[in-house]
Amino acid sequence: MKVQLRFSNQVLTDWSSFCREVSYDAMVVRKVKLGGCGRTVEIDESKFGRRKHHRGHRVEGQWVFGGYERETGNCFMIPVENRTAETLLAIIKDWIKPGTTIISDCWRAYNTLNNEGYQHLTVNHSLHFKDPETGVHSNTIESSWRHSKASMSNYCRKKAFYAGYLAKFMFTKHCRSHNLDPTAEFFKHAGILYDANNKDNMIFNDGDYGDDDDDSDDDDDGNDDGEKDVDNNDDK
């Protein structure tokens, strides 16, 4: 496309930024909460990044917290600085309706979900991926991590970019799950975001994409004090 349309690198960078901006507004700023009574949401965290020199234990990157609603295919993926109960519970309450059945692994940050208005089921991943007695599993959100990582470039994975890249993945997945034309949906949401009569318009990190072609990843440090292993290629 760059050669055929004679676009410069800056034009392509600006267009990519615009697409992420519209996606972020549609999927995060004007989000629709997941779950509700009779619905199930799988939740999990995963570390996005890459191994130093493409080998060994992954030490760079960004933790992301996400949820997947089984009945609709809707999801959310939010960059987080840590995986403490305070951080994750705030996101759960912001994105998931009370009364929802939530399925997770046994990460300690989720221990109080039953006291927060949710029905909480767990699967111990150190023993199995699907509980042999209850049938509980979180394989769908695990699969979503692989797809979301595959949708992102191996370069330019700086923290300032993650929210936009994840919102773009959420948007395309939403369109697929609901059989929507992504082009029509994109321009519909662009019209909402840039409506001159809408005083609540939000421009997403417009100044953060100037070095979108920079392949440096060395400034990222998504490590926290958690105990989960992140030593495989998909981190989960």
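Tutor: In this predicted model, ring pairs link Trp15, Phe18, Phe186, Phe187 and Tyr194 into a cluster, where rings of Phe, Tyr and Trp (its six-membered ring) pair if their centres lie within 6.5 Å, and planes under 30 degrees apart count as stacked, over 60 as edge-to-face and the rest as tilted. Local features need pLDDT of at least 70 and side-chain atom pairs 80 or more, whereas totals for chains, interfaces and linings use all residues. Residues are numbered from 1 along each chain as its sequence is written, and side-chain values use heavy atoms, without hydrogens or water.

The structure holds eleven aromatic pairs. Among them, Phe76 and Trp95 are stacked, because their ring centres are 5.0 Å apart and their planes are at 20 degrees. Since Phe76 belongs to strand S3 and Trp95 to helix H3 (residues 85–95), this pair ties together parts 19 residues apart in sequence; helices (H or I, at least four residues) and strands (E, at least two) are DSSP runs, numbered from the N terminus. Phe76 is buried at 0% relative accessible area, and Trp95, at 4%, also counts as buried (under 20%, with a 1.4 Å probe and protein chains only).

Phe161 and Tyr165, by contrast, pair edge-to-face, with 6.2 Å from centre to centre and 85 degrees between the planes. These two residues are four apart in helix H5 (residues 159–177), so about one helical turn separates them, and both are buried.

Rings also meet charges: the charged end of Arg83 sits over the ring of Trp63, 3.9 Å from its centre, and that of Lys149 over the ring of Phe48, at 5.0 Å (NZ of Lys or CZ of Arg within 6 Å of the ring centre and within 35 degrees of the ring normal).

Terms used
Buried < 20%, exposed > 50% of the residue type's maximum accessible area, 1.4 Å probe, protein only.
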